[in-house]
Amino acid sequence: MVVLGIGIDMVKTEKFSSAIKKWGDAFLSRVFEEKELSGIPEGKMYYQRLAARFAAKEAVIKAVSKSFPLALKDIHVLNRSNGAPYCMFKDNMDLEIFLSITHIEDYAVACAVAQKKT
Ligand SMILES: CC(C)(COP(=O)(O)OP(=O)(O)OC[C@H]1O[C@@H](n2cnc3c(N)ncnc32)[C@H](O)[C@@H]1OP(=O)(O)O)[C@@H](O)C(=O)NCCC(=O)NCCS
């Protein structure tokens, strides 16, 4: 498999939570699909987890940017049953993404490696 690129992104939680509080569902639905939101219950680390998924999308966009452009909602960030995050695409793509995310109170960070499958 061919590595297309890597991407990293960091989001300040407070900036992200302010946008959600200000714009609500209109903001969330511009960034996330319902299936992504339904995996993040409101409660502990809610804004951090959402900010991390935003960072993950930005990291994926960077990782593939030399090959083609992607929009935030082309990318879906979900969790496996063991808690590990993974990435799917709205349309079928010949891509495999290796994704890692982390968050603390104030910041969320994500890193992505994009590989072409064939
Ligand atoms: C999986 C593990 C590495 C996550 O570490 P962590 O410091 O709790 O995680 P962070 O706060 O940095 O990041 C959280 C993100 O890690 C990701 N994650 C969770 N489980 C994961 C796994 N099995 N593999 C990869 N990523 C994982 C998730 O995306 C999670 O964010 P989300 O819940 O919003 O999706 C950790 O729980 C672990 O198993 N560590 C092994 C060592 C250990 O047992 N330490 C504790 C005793 S000292």
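Guide: Happy to. Helices here are DSSP runs of H or I with at least four residues, strands are E runs of at least two, and both are numbered from the N terminus. The expected span of a helix is 1.5 Å times one less than its number of residues. Please keep in mind that this is a predicted model, in which local features need pLDDT of at least 70 and side-chain atom pairs count only at pLDDT 80 or more, while totals for chains, interfaces and linings use all residues. Residues are numbered from 1 along each chain as its sequence is written, and side-chain values use heavy atoms, with hydrogens and water left out.

Let's look at helix H4, which covers residues 46-64. Its 19 residues reach 28 Å from the first C-alpha to the last, close to the expected 27 Å. Of those 19 residues, 14 are buried, so H4 is largely enclosed by the rest of the structure. (Buried means under 20% relative accessible area, exposed over 50%, and partly exposed in between, with a 1.4 Å probe and protein chains only.)

Now for the aromatic rings. Rings of Phe, Tyr and Trp (its six-membered ring) pair if their centres lie within 6.5 Å; planes under 30 degrees apart count as stacked, over 60 as edge-to-face and the rest as tilted. The whole structure holds three aromatic pairs. In one of them, the ring centres of Phe16 and Phe54 are 5.4 Å apart with planes at 45°, so this pair is tilted. Phe16 belongs to helix H1 and Phe54 to H4, so the pair ties together parts that are 38 residues apart in sequence. Both partners are buried: Phe16 has a relative accessibility of 5%, and Phe54 has 18%. Another pair joins Tyr46 and Tyr47 edge-to-face, at 5.1 Å centre to centre and 65° between the planes. Tyr46 is buried at 11%, whereas Tyr47 is partly exposed at 24%. Ring pairs also link Phe16, Phe27 and Phe54 into a cluster.

Leaving aside residues up to four places away in sequence, Thr13 touches Tyr47, Gln48, Ile104, Glu105, Asp106, Tyr107 and Ala108, where contact means heavy atoms within 4.5 Å. Thr13 itself is buried, with a relative accessible area of 5%. Among its contacts, Tyr107 lies in strand S5 (residues 107-116) and is partly exposed at 33%.
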